[in-house]
Amino acid sequence: MPPLRASPTFARFSAENGYRDYSNEDVHRLRFVQRSRSLGFSVEECRQLLSLYTDRDRASADVKAIATEKLGEIDRKIAELTGLREMLGHLVETCHGDARPDCPIIDGLSGKSRDH
């Protein structure tokens, strides 16, 4: 995960020792962003979510719409990875893995696959 950069969203104060000093509220927002990133939200989506997090008049429907879109993206990625796994699994199963030069994996990667 890329490091979080200080921005106007997070008030940063430099202490005499040179360390960054964040308020408790800033720490909560940074953790919110960290958890959002760990769930796969982009930096822009984190900005939107953080804006909604701090907006006490927000509609939960707005938050749900962002989360629902992300869930759809995750489902599409899972489907793609599942297809890739099935295809590669088939190639691995059909390869004898012995001393012979014939290899269905190489044939499949080169587009010469007879079985797929």
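Author: Glu 45 lies in helix 2, and in this predicted model its relative accessibility is 13%, under the 20% limit, so Glu 45 counts as buried. Once the neighbours within four places in sequence are left aside, the residues in contact with Glu 45 are Gly 40, Lys 70 and Glu 73. A further relation across the chain is that of Glu 45 to Ala 67, which stands 22 residues away in sequence and 9.3 Å away in space, counted from C-alpha to C-alpha.

Two packed helices are described by the angle between their axes and the distance between the axes. For helix 2 and helix 3 the angle is about 155 degrees and the axes are 10 Å apart; because an angle over 145 degrees counts as roughly antiparallel, helix 2 is roughly antiparallel to helix 3. The crossing in which helix 2 passes helix 3 is left-handed.

Helix 3 itself covers residues 60–94, which is 35 residues, and from its first C-alpha to its last it reaches 51 Å, close to the 51 Å expected at 1.5 Å a residue. Within helix 3, Ile 66, Lys 70, Gly 72 and Leu 91 are buried, and the buried residues of this helix pack against helix 2 and also against helix 4, residues 104–110.

Helix 2, which spans residues 43–54, also packs with helix 1, residues 24–38, at an angle of about 135 degrees and with the axes 10 Å apart. That angle makes helix 1 oblique to helix 2, and helix 1 passes helix 2 in a right-handed crossing. The contact is made on the side of helix 1 by His 28, Arg 29, Phe 32, Val 33, Ser 36 and Arg 37, and on the side of helix 2 by Val 43, Cys 46, Leu 49, Leu 50, Tyr 53 and Thr 54. By class, seven of these residues are nonpolar, three are polar and two are charged.

Buried residues make up 16% of the 116 residues in the protein, and Glu 45 counts as one that is buried. Among contacts between residues at least 6 apart in sequence, 31% join residues at least 24 apart.

Key:
Residues numbered from 1 in each chain as written. Predicted model: local features only at pLDDT ≥ 70, side-chain atom pairs only at ≥ 80, totals over all residues. Heavy atoms only, no water. Axes fitted to C-alpha atoms, helices over the stretch in contact; angles between N-to-C directions. Helix = DSSP H or I, 4+ residues; strand = E, 2+ residues; numbered from the N terminus. Parallel < 35°, antiparallel > 145°, perpendicular 65-115°, else oblique. Left-handed = near helix turned anticlockwise from the far one by under 90°. Contact = heavy atoms within 4.5 Å. Nonpolar A, V, L, I, M, F, W, Y, C, P; charged D, E, K, R; others polar. Expected span 1.5 Å × (residues − 1). Buried < 20%, exposed > 50% of the residue type's maximum accessible area, 1.4 Å probe, protein only.
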